[in-house]
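Have the sequence and the structure open side by side as you read.

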Amino acid sequence: MRIYHENKGRPTEKKLPVVVVFRKPTGKKYHMMVTESSVDDILDEKKRNPLIPNNYEIVDMGIGESFIEKFKEQYNIK
């Protein structure tokens, strides 16, 4: 008979969201993406399937939930 215990290690921490504001190459409208992946994954140009295509312009980037409302107001994103 096995007795299962909770994990005795360090408790898992909630990842901070990464907020990215970008523009498509043919448009003037700003778009926002919120993800829990790392900043390095977003900025890496050599990835096979990047989260944001390489021809898009990254305008602003922030780490934390407070940037969601701040960027919505600043760039008029709905």
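In what order do the three strands of the open sheet lie? One thing to keep in mind before answering: this is a predicted model. The order is 2-1-3, and the pairing is antiparallel. That leaves strand 2 and strand 3 as the edge strands, each pairing on one side only. From one strand to the next, the twist averages 20 degrees.

Now for the pairings themselves. Strand 1 meets strand 2 (residues 30–35) in the antiparallel sense, over six bridges, and the two form a hairpin with six residues between them. If you want landmarks along this pairing, Val20 stands opposite Met33, and Val21 stands opposite Met32. Turn to strand 3 and you find six bridges joining it to strand 1, again with the two running antiparallel. There, Val18 stands opposite Ile63.

How many of the six residues of strand 1 are buried? Five of them are, so the strand is largely enclosed by the rest of the structure. Part of that setting is helix 2, which packs on the sheet and touches strand 1, strand 2 and strand 3. The direction of helix 2 makes about 145 degrees with that of strand 3.

Next, the nonpolar side chains. In soluble globular proteins, nonpolar side chains tend to be buried together. The largest nonpolar core here has six residues: Val18, Val20, Phe22, Met33, Ile42 and Ile52. Strand 1 gives the most to this core, with three residues. Look at Ile52 in particular: leaving aside residues up to four places away in sequence, Ile52 touches Val20, Phe22, Met33 and Ile42. Apart from this core lies another, of five residues, and Val21, Phe71, Tyr75 and Ile77 are among them. Notice that Val20 sits in the largest core, while Val21 belongs to the other one. As a general point, in a regular strand the side chains alternate between the two faces of the sheet.

That brings us to the rings. The structure holds four aromatic pairs. Take Phe22 and Tyr56: why does this pair count as stacked? The ring centres are 5.6 Å apart and the planes sit at 20 degrees, and planes under 30 degrees apart count as stacked. Phe22 lies in strand 1 (residues 18–23), whereas Tyr56 is in the loop between helix 1 (39–43) and strand 3 (57–63), so the pair ties together parts that are 34 residues apart in sequence.

Two of its members, Phe71 and Tyr75, have already come up in the five-residue core.

Terms used:
Residues are numbered from 1 along each chain as its sequence is written. This is a predicted model: local features need pLDDT of at least 70, side-chain atom pairs count only at pLDDT 80 or more; totals for chains, interfaces and linings use all residues. Side-chain values use heavy atoms; hydrogens and water are left out. Rings of Phe, Tyr and Trp (its six-membered ring) pair if their centres lie within 6.5 Å; planes under 30 degrees apart count as stacked, over 60 as edge-to-face and the rest as tilted. Helices (H or I, at least four residues) and strands (E, at least two) are DSSP runs, numbered from the N terminus. Buried means under 20% relative accessible area, exposed over 50%, partly exposed in between (1.4 Å probe, protein chains only). Two strands pair if DSSP finds at least two bridges between them. Axes are lines fitted to C-alpha atoms, for helices over the stretch in contact, and angles run from 0 to 180 degrees between N-to-C directions. Contact means heavy atoms within 4.5 Å. A nonpolar core is a set of buried Ala, Val, Leu, Ile, Met, Phe, Trp, Tyr and Cys residues joined through side-chain atoms within 4.5 Å.
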